[in-house]
Amino acid sequence: MKNKNADVIFNSSHIDKILKENSTHVERKLKSILNERDFGILSKPISYSLLNGGKRLRPLLCIESAKIFDIGLKKSIYPALAIECMHSYSLVHDDLPSMDNDDLRRGKPTVHKKWDEPTAILVGDALQSLSFEILVDKNLKIEPFIKNELIYSLARNSGASGMVLGQALDIKAETSKTKITIEKITNLQSYKTGKLISWSCEVGAILSNEDRSPFKKFASCIGLAFQIQDDILDIIGTSQSLGKKAGKDKYQNKATYISKLGLDGAVKKNKRLVEEACEALSLFGEKAENLRQISHFIINRKN
């Protein structure tokens, strides 16, 4: 029997409000972190890549997952900032000519276009290191074993057991002479997109040393839904609305959910995933309402 908490009415004005408030707060903290450090000739490109707009969705997931366990911003802001640095690094590298070869990101020239490829590679490297620097900050007052778990789990989810593996599988799929199956697409996206989202959703449970399994289930659903929505927007969106070139997947003959399920099938799949995601958090009642709203936002977003 489906729990009533899974029946969520999407409140777009509410989610817009918390996204805006969160983005403002995260942006301010990121600027503070950058101002405290001297990155020399890399300062401008690092700031450009890290403060280049965006929804700050992963930091919001960190903060909201922590709220479920009554953990405030004083603690949750650190993993929130760390994941945004890690995510920004992944975008800078993903945009490189040897990877996804994009000229635009959020409507602006990508780092390798504004500067050059070596600078983009080094900016990505620097942002990855900065993620872990933030997590070991002395002002993050938590038990050492919990801090170690945050660092270890982020490394696992972002490295060759996580997001980086997903990138490798994606590149292999693009160069393959045979079309990959829907199961393999799901597998590669669970790494490429899903692992950083998964870590973000688990932050509250890690900080409170609680069971992560409901959040793993929630994250696996919304991570896949996020990627499917990207596939959908690549078809129905415009370059102006997306802030990057639209129709790129079809042009590159990329294996996507659209190519396997069709547009209608992908939309239906996304709705089912969000229902499952909401159901996964049913035991947390109203405390998880913002996370449920975020899951609906993911499949209603336009960029």
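Ring pairs join Phe-69, Phe-215 and Phe-284 into a cluster, where rings of Phe, Tyr and Trp (its six-membered ring) pair if their centres lie within 6.5 Å. The structure is a predicted model, in which local features need pLDDT of at least 70 and side-chain atom pairs count only at pLDDT 80 or more, while totals for chains, interfaces and linings use all residues. Residues are numbered from 1 along each chain as its sequence is written, and side-chain values use heavy atoms, with hydrogens and water left out.

Four aromatic pairs are counted by this rule. The ring centres of Tyr-48 and Trp-115 lie 5.2 Å apart with planes at 75°, so this pair is edge-to-face (planes over 60 degrees apart; under 30 counts as stacked and the rest as tilted). Tyr-48 belongs to helix α2 (residues 43–50) and Trp-115 to the loop between α5 (111–114) and α6 (117–135), 67 residues apart; helices are DSSP runs (H or I, at least four residues) numbered from the N terminus. Tyr-48 is buried, with a relative accessible area of 17%, whereas Trp-115 is partly exposed at 30% (buried means under 20%, exposed over 50%, partly exposed in between, with a 1.4 Å probe and protein chains only). The rings of Phe-69 and Phe-215 have centres 5.7 Å apart and planes at 50°, so that pair is tilted. Phe-69 lies in the loop between α3 (57–67) and α4 (73–94), and Phe-215 in helix α11 (residues 213–236), 146 residues apart. Both Phe-69 and Phe-215 are buried.

The mean pLDDT (the predictor's confidence in each residue, from 0 to 100) of the protein chain is 92, and 92% of its residues reach 70 or more.

Conventions:
Helices (H or I, at least four residues) and strands (E, at least two) are DSSP runs, numbered from the N terminus.
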